[in-house]
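Please read it alongside the sequence and the model.

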Amino acid sequence: MPVSLIPDRLYDRYTDLTPRLLEALHIRLLLCDLDYTLAPRSVERPDKTLRVWLDACREAGVTVMILSNNRSTRRVETFCGELGIRYVGHAGKPSPKGYRQAMEQAGETPEHTAMLGDKLLTDVLGAKRAGITALMVEPLGGPAGAWNHVLHALQSPFKRIARRRCRKNYEQIP
């Protein structure tokens with residue numbers, strides 16, 4: 001089965017995903033990458049903006065979980081503990097296994113699940129392989145280190161295609 005590296009939708013940052021937009025997309029479970037998606041890698045604790053956004057998602061009936069490939073669970077545990085949300089660590093993205101595990105924990109189906117991340121080769125590819133909506137954001141704090149600069153440069157053509165494909169859809173959803 002062919003799998004695309006083109007995200008279904010592309011946003012500047014996670015706060016662009018409003019509860020109203022998630023409802024229009026029929027998303028009840030939002031899986032999120034942590035590093036560079038919800039917080040720059042250098043940020044140790046969740047900030048107020050993230051807390052307010054998560055509260056708005058909860059109030060709208062959207063469950064948010066972290067799906068992380070972090071080798072150390074300390075950072076993920078700290079973030080999730082302070083936010084009161086669940087996570088799947090050592091998710092093995094882009095393998096669909098971690099995505100399926102998260103959906104099973106939340107009791108949700110692929111049709112009502114989306115993945116929000118900043119990388120094509122882990123977050124988007126894994127979402128596509130798991131049969132869920134792939135949402136992508138620009139990295140918070142920008143790419144750090146030489147490898148991330150190269151990786152994000154390689155993502156540019158795929159992001160351009162996503163922007164062109166989704167331009168009309170963005171206008172149709174509040």
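The notes below are grouped by topic.

The model is a predicted one. It holds 10 salt bridges, and a search of the whole structure gives 1 aromatic pair.

**Salt bridge Arg-28 to Glu-108**

- Arg-28 and Glu-108 form a salt bridge in which the closest N and O atoms are 2.8 Å apart.
- Arg-28 sits in the loop between helix H1 (19–24) and strand E2 (29–32), and Glu-108 in the loop between helix H4 (96–106) and strand E5 (113–117), so the pair ties together parts that are 80 residues apart in sequence.
- Arg-28 is partly exposed, because its relative accessibility is 39% and that class lies between the 20% limit for buried and the 50% limit for exposed.
- Glu-108, by contrast, counts as buried because its relative accessible area is 16%, under the 20% limit.

**Salt bridge Arg-75 to Asp-35**

- The side chains of Arg-75 and Asp-35 form a salt bridge with an N to O distance of 2.5 Å.
- Arg-75 belongs to helix H3 and Asp-35 to the loop between E2 and helix H2 (48–59), so this pair ties together parts that are 40 residues apart in sequence.
- Arg-75 and Asp-35 are both buried.

- Lys-93 and Asp-123 meet through their side chains in a salt bridge of 2.8 Å, N to O.
- The pair links distant parts of the chain, with Lys-93 in the loop between strand E4 (87–88) and H4 and Asp-123 in helix H5 (residues 120–130), 30 residues apart.
- Lys-93 is buried, at 6% relative accessibility, and Asp-123 is buried as well, at 2%.

**Aromatic pair Tyr-14 and Trp-53**

- A pair of aromatic rings is described by the distance of the centres and the angle of the planes.
- A search of the whole structure finds 1 aromatic pair; in it, Tyr-14 and Trp-53 are 5.0 Å apart centre to centre, with 70 degrees between the planes, and the pair is edge-to-face.
- Distant parts of the chain are linked by this pair: Tyr-14 is in the loop between strand E1 (9–11) and H1, and Trp-53 is in helix H2, 39 residues apart.
- Tyr-14 is buried at 1% relative accessibility, and Trp-53 is buried at 6%.

**Loop residue Asn-70**

- Asn-70 is placed in the loop between strand E3 (63–67) and helix H3 (73–83).
- With a relative accessible area of 13%, Asn-70 is buried.
- Apart from neighbours within four places in sequence, Asn-70 is in contact with Asp-35, Arg-41, Arg-75, Val-76 and His-90.
- Among these contacts are Asp-35 and Arg-75, whose side chains meet in a salt bridge.

**Packing of H2 and H3**

- Two packed helices are described by the angle between their axes and the distance between the axes.
- The axes of H2 and H3 are 11 Å apart, and the helices pack at an angle of about 60 degrees.
- H2 and H3 are therefore oblique to each other.
- The crossing of H2 past H3 is right-handed.
- Leu-50, Arg-51, Leu-54 and Arg-58 of H2 make the contact with Phe-79, Glu-82 and Leu-83 of H3.

Key
Residues numbered from 1 in each chain as written. Heavy atoms only, no water. Helix = DSSP H or I, 4+ residues; strand = E, 2+ residues; numbered from the N terminus. Buried < 20%, exposed > 50% of the residue type's maximum accessible area, 1.4 Å probe, protein only. Contact = heavy atoms within 4.5 Å. Salt bridge = Lys/Arg side-chain N within 4 Å of Asp/Glu carboxyl O. Phe/Tyr/Trp six-rings, centres within 6.5 Å; stacked < 30°, edge-to-face > 60°. Axes fitted to C-alpha atoms, helices over the stretch in contact; angles between N-to-C directions. Parallel < 35°, antiparallel > 145°, perpendicular 65-115°, else oblique. Left-handed = near helix turned anticlockwise from the far one by under 90°.
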